[in-house]
Protein chains: 2
Amino acid sequence: MCKSSRLQKSYAKIIQAVTELIDATDDINRITVTDIVNAAGLTRPTFYACFRDIPSAFASSARERLDKAFDGFDLSSFADEADPSMRMSAAFKSILDRLERNAGYFTKILNGPGCQMAYEQIVSFVSNRLRNHSPVSAALNNGVLPPEVSCSAIAAGVTWMTTQWLMQARPISTQDLAKQISIFISYASRNGLGTNIDDVSRLKTV
Amino acid sequence: MCKSSRLQKSYAKIIQAVTELIDATDDINRITVTDIVNAAGLTRPTFYACFRDIPSAFASSARERLDKAFDGFDLSSFADEADPSMRMSAAFKSILDRLERNAGYFTKILNGPGCQMAYEQIVSFVSNRLRNHSPVSAALNNGVLPPEVSCSAIAAGVTWMTTQWLMQARPISTQDLAKQISIFISYASRNGLGTNIDDVSRLKTV
């Protein structure tokens, strides 16, 4: 879909309109295709040339916001650190700060009709990052499971930690969550999450 | 909610009615509270004494089905095995065989209005099992992250592997998926998923 450059422009306009409509509404179940094409200055056939239905458009909007939150961060640059989880943590804090500004938006998306498709987009995005641009890419590409399996399972864990935090009114700081996510990724990939805390007590003091 | 024994009976009747309605329909968005109370032989106020809304009832139905699929399996009995992932795998195969019979049901739930709540119920169920009744309970209770954090993140990974498999028309056998899930849980908890496959080549032949 949206292969021609004209349709690509329409796609971008629709995503922008969808995102603004979600930001502005209290009930995303009421957003219609007519609302979307009116806001984008397009027609219904153009919408359906780009998206199968409203849940798909919601999910693509979520992926676009996620993409913007990650923009500029290449986590793989920390691969050579002695303890990559600590440096990765700083990058995640910046990403979480961006996501936090859109907490209401993501809560609406995940409680709305695009929930399942949004999770698929988010997990696939995070999984690709883990597999190709992270300090654990090499390890997971040579690990005990096919890399697409381990990367998407870890990505689902990271997505869960983040979305639960966003929806539960952020009970811990972005810094603390960034640290937990980095430790989860690093230790699930290397050494194991059951590594005794006494062996890594320095983690607590960083 | 549902604290009195009379309400508990109503709760069970509602769950049964909801589950049967989901099994029977092609569009769970059309299921109404009236449909549910008619099928259960109850009244609308009784429904609202037990559930906040339809998505909550869908999510509780999903958790009940999951509970039945796990019935009779205590994964912690494999904790003392030299390689618990291989024995755990046999139990997971039986559980996945039960879930597979309800693949259509879970697909409807996760594409329906109870998606987010159903995920919360499922991840919390799996997380509690991991934390209290699994071969990795001891490790995760003494690991690098608070156990509720590592257990729910791993549980989200397991949930993702299983629900994607159910919704994608089961591309691999229950035996192969059970093996992948067991390896994911074992290695994320101990040694790390990036453990080189050459070091554990015996896994492939079991």
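These are my notebook entries on a predicted model with chains A and B.

**Ground rules.** I count residues from 1 along each chain as its sequence is written, with chains lettered from A and ligands numbered from 1 in the order in which they are written. Local features need pLDDT of at least 70 and side-chain atom pairs count only at pLDDT 80 or more, while totals for chains, interfaces and linings use all residues; side-chain values use heavy atoms, with hydrogens and water left out.

**Entry 1, chain A by itself.** I looked up the secondary structure and got 11 helices and 0 strands for chain A. Both kinds are DSSP runs numbered from the N terminus, helices being H or I with at least four residues and strands E with at least two. Next I checked burial: 55% of the 206 residues in chain A are buried. Buried here is under 20% relative accessible area, exposed is over 50%, and partly exposed lies in between (1.4 Å probe, protein chains only). Then I looked at contacts, meaning heavy atoms within 4.5 Å. Of those in chain A between residues at least 6 apart in sequence, 69% join residues at least 24 apart.

The area buried between them is about 3100 Å², and carbon and sulfur atoms give 69% of that. Buried area is the accessible area (1.4 Å probe) that two parts lose on being put together, summed over both. On the chain A side, A:Gln116, A:Val144 and A:Trp160 lose the most area to chain B, together 23% of what that side buries.

I went looking for salt bridges across the contact and the count was 0. My cut-off was a side-chain nitrogen of Lys or Arg within 4 Å of a carboxyl oxygen of Asp or Glu. Polar contacts do turn up, in 13 residue pairs with both at pLDDT 80 or more. For those I need N or O atoms within 3.5 Å; within protein, one must be able to donate a hydrogen and the other to accept it, and residues adjacent in sequence count only if both atoms are side-chain atoms.

Which helix gives the largest share of the side of chain A that touches chain B? That is H9(A), with 11 residues. By class, I noted 24 nonpolar, 15 polar and 2 charged residues on that side. Nonpolar covers Ala, Val, Leu, Ile, Met, Phe, Trp, Tyr, Cys and Pro, charged covers Asp, Glu, Lys and Arg, and the others, Gly among them, are polar.

I found B:Gln116 in helix H7 (residues 115–132) of chain B. Is B:Gln116 buried or exposed? Buried, at a relative accessible area of 2%. Across in chain A, B:Gln116 touches several residues, including A:Tyr119, A:Trp160 and A:Met167. Within chain B, its side chain makes a polar contact of 2.8 Å with that of B:Glu120.

**Entry 4, salt bridges.** One joins B:Lys93 to B:Asp97, with the closest N and O atoms 2.7 Å apart. These two sit 4 residues apart in helix H5 (residues 84–101) of chain B, so about one helical turn separates them. B:Lys93 is partly exposed at 28% relative accessibility, and B:Asp97 is partly exposed at 21%.

Another pairs B:Arg30 with B:Asp27 at 3.2 Å between the closest N and O atoms. Here B:Arg30 is exposed at 65%, while B:Asp27 is partly exposed at 27%.

How values were computed. Lists of a residue's contacts leave out its neighbours within four places in sequence.
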